[in-house]
Amino acid sequence: MLLLDLSHTSHTRARTGIQRVCRSLRIGLMAQGDVTEICHDPYRRSWRVLQAWEEANLVSEQAAGARGARWPLKARLSGRLARWLQRRPA
């Protein structure tokens, strides 16, 4: 299994050179088979597989106005909640 880090690319719709390379690499690797797309969630402070809204950013044809990564409020809150729940004693 191959882990493909799309931490920045999955959070922006920018079309910079590296973004285009990452998207093309993703398409090529997905066609080959056993690849898992992951990202580092700074709110959860851990690695995780991509969520549906991040995958939608990867396949979107609409270019972004800005290059920076965008994290919706829901994603930020759920990441912090997951981190908090993980630290609670059982």
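Trainee: Why is Asn57 called buried?

Mentor: Asn57 has a relative accessible area of 10%, and buried means under 20%, with exposed over 50% and partly exposed in between (1.4 Å probe, protein chains only). So Asn57 counts as buried. Bear in mind that this is a predicted model, where local features need pLDDT of at least 70, side-chain atom pairs count only at pLDDT 80 or more, and totals for chains, interfaces and linings use all residues. Residues are numbered from 1 along each chain as its sequence is written, and side-chain values use heavy atoms, with hydrogens and water left out.

Trainee: What makes the pair of Asn57 and Arg13 side chains a polar contact?

Mentor: The value for those two side chains is 2.8 Å. A polar contact is a pair of N or O atoms within 3.5 Å; within protein, one must be able to donate a hydrogen and the other to accept it, and residues adjacent in sequence count only if both atoms are side-chain atoms. So the Asn57–Arg13 pair qualifies.

Trainee: Where does Asn57 sit?

Mentor: In helix 2, residues 52–59. Helices (H or I, at least four residues) and strands (E, at least two) are DSSP runs, numbered from the N terminus. The chain has three helices and three strands, in the order β-α-β-β-α-α.

Trainee: How do you know that strand 1 and strand 2 pair?

Mentor: Strand 1 (residues 2–5) and strand 2 share four bridges, in the parallel sense. Two strands pair if DSSP finds at least two bridges between them, so four will do. One example is Asp5, whose bridge partner in strand 2 is Ile38. The chain gets from strand 1 to strand 2 through helix 1 (residues 17–32), in a right-handed β-α-β crossover: with the strands pointing away from the viewer, the path from the first strand over the helix to the second runs clockwise.

Trainee: What makes strand 2 and strand 3 a pair?

Mentor: Again four bridges, but antiparallel, with strand 3 at residues 46–49. Ile38 turns up here too, with Val49 as its bridge partner in strand 3.

Trainee: Why is strand 2 called mostly covered?

Mentor: Strand 2 (residues 35–41) has six of its seven residues buried. In the whole chain, buried residues make up 33% of the 90 residues.
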